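Colleague: Could you take me through this model? I would like to begin with the ligand.

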Amino acid sequence: MTAATPDAPPAGAPVLELEDLVMHFGPVRAVDGVSMSIAPGRVTALVGESGSGKSTVGRCVVRLLSPTSGTVRLAGTDVTTLSRRAMRAHRRDVSIVFQDPAGSIDPRMLVGDVVAEPLRLQGRAGNRADRTRRVAEQLERVGLNSSVAQRYPHELSGGQRQRVSIARALVSEPHLLVADEPTSALDVSVQASVLNLLADLQRDIGFACLFITHDLSAVEYLADDIAVMYLGQVVETGTREEVFAHPRHPYTQALLAAAPVADPVRQRERVRVLLGDDLPSAIDPPSGCRFHTRCPVAVERCATVVPALRRVGGGTVACHLVEDDGTGPDVRDQPHETGDPA
Ligand code: SF4
């Protein structure tokens with residue numbers, strides 16, 4: 001029997017649509033009304049500090065978490081309230097690669113079985129010869145020798161294990177890959193090669209990707225579009241070029257200004273905007289604009305009136321002080337500490 005092809009989204013329709021997604025853990029409002037979409041073949045980076053809720057969004061998308069409310073639509077189908085069993089039919093639409101390959105791979109399974117497992121769970125494993133061939137193809141595709149199939153995960157390096165995770169995630173040819181900080185648990189020396197691999201695979205295969213990261217240099221390298229999260233909400237979206245060239249939300253400006261650059265001369269010269277205190281608690285988020293307790297340009301109404309996420313230029317932004325034509329304050333022009341003067 002030939003395996004069924006996953007339902008492709010209707011032409012031009014988003015691979016992923018989130019509508020007012022909410023995920024609360026008791027009193028913790030981890031995700032609080034996120035709406036966004038990803039078009040076929042696009043890479044959207046979801047960025048923000050640790051605790052912003054970006055990984056929780058990823059887990060809702062693959063239905064490792066059942067959202068408190070809101071809608072998750074995969075390839076046009078609302079999967080928000082599907083049971084685990086019903087969700088199985090949509091497992092081919094979406095896969096996830098986690099930050100720590102050691103935690104996401106069963107150490108007792110041979111690598112070949114790890115890679116083939118999604119096919120088995122979807123009832124598409126075929127006979128042994130088919131399986132062996134597909135596993136070998138996948139391993140080679142991610143830059144590993146097919147003989148690795150007969151080894152156990154602990155016999156591999158961290159970078160090799162993450163390649164196995166990627167092979168496993170892509171074996172069922174999903175329309176959407178959720179990559180949750182896929183390189184941040186790896187040695188710095190192998191981070192670039194795994195990122196290159198993801199970029200090459202995405203270009204060759206053309207899957208859409210929700211790339212969850214705090215690493216803005218990786219975003220610059222891999223993403224087509226950017227969504228910036230702050231304390232459970234999206235505060236700015238746009239194309240990579242637009243957001244990097246003209247960040248409009250003060251939080252986005254501060255994030256970009258705080259990102260380290262490789263060139264030490266540039267690093268010394270550039271402005272360092274201090275975000276001040278840590279991220280406020282998601283149990284009792286600040287009133288009005290959630291960023292107002294840290295925003296260097298906040299005005300009185302920021303503490304009481306919630307700014308709507310509205311369309312500005314080719315993207316969206318939620319800030320009272322950004323005009324409809326995209327002009328507004330730039331926190332990098334505010335009084336600040338400069339980088340290391342030495
Ligand atoms: Fe800052 Fe006010 Fe804009 Fe929020 S709405 S980012 S506090 S200026």
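Modeller: The ligand sits in the largest cavity (a set of points on a 1 Å grid over the protein atoms alone where a 1.4 Å probe fits but cannot get out; sitting there requires more than half of the ligand's atoms within 2 Å of the grid points). This is a predicted model, in which local features need pLDDT of at least 70, side-chain atom pairs count only at pLDDT 80 or more, and totals for chains, interfaces and linings use all residues. Residues are numbered from 1 along each chain as its sequence is written, and side-chain values use heavy atoms, without hydrogens and water.

Colleague: Which residues surround the ligand?

Modeller: With a heavy atom within 4 Å as the criterion, they are His249, Pro250, Cys289, Phe291, His292, Cys295, Ala298, Cys302, Cys319, His320 and Leu321.

Colleague: How many of the shell residues are charged?

Modeller: None; eight are nonpolar and three polar.

Colleague: Changing topic, why is strand 9 largely enclosed?

Modeller: Six of the six residues of strand 9 (225–230) are buried, so the rest of the structure largely encloses it. Buried means under 20% relative accessible area with a 1.4 Å probe, protein chains only; strands are DSSP runs of E, at least two residues long.

Colleague: And which residues cover each face?

Modeller: Asp225, Ala227 and Met229 are on one side, with Ile226, Val228 and Tyr230 on the other.

Colleague: What does strand 9 pair with in the parallel sense?

Modeller: Strand 3 (residues 43–47), over four bridges; pairing needs at least two DSSP bridges. Thr44 stands opposite Asp225. Strand 10 (residues 233–239) runs antiparallel to strand 9, joined by six bridges, and there Thr239 is the bridge partner of Asp225.

Notes: Buried < 20%, exposed > 50% of the residue type's maximum accessible area, 1.4 Å probe, protein only. 1 Å grid on protein atoms, 1.4 Å probe; cavity = no way out; pocket = protein on both sides within 12 Å on 5 of 7 lines; lining within 4 Å. Nonpolar A, V, L, I, M, F, W, Y, C, P; charged D, E, K, R; others polar.
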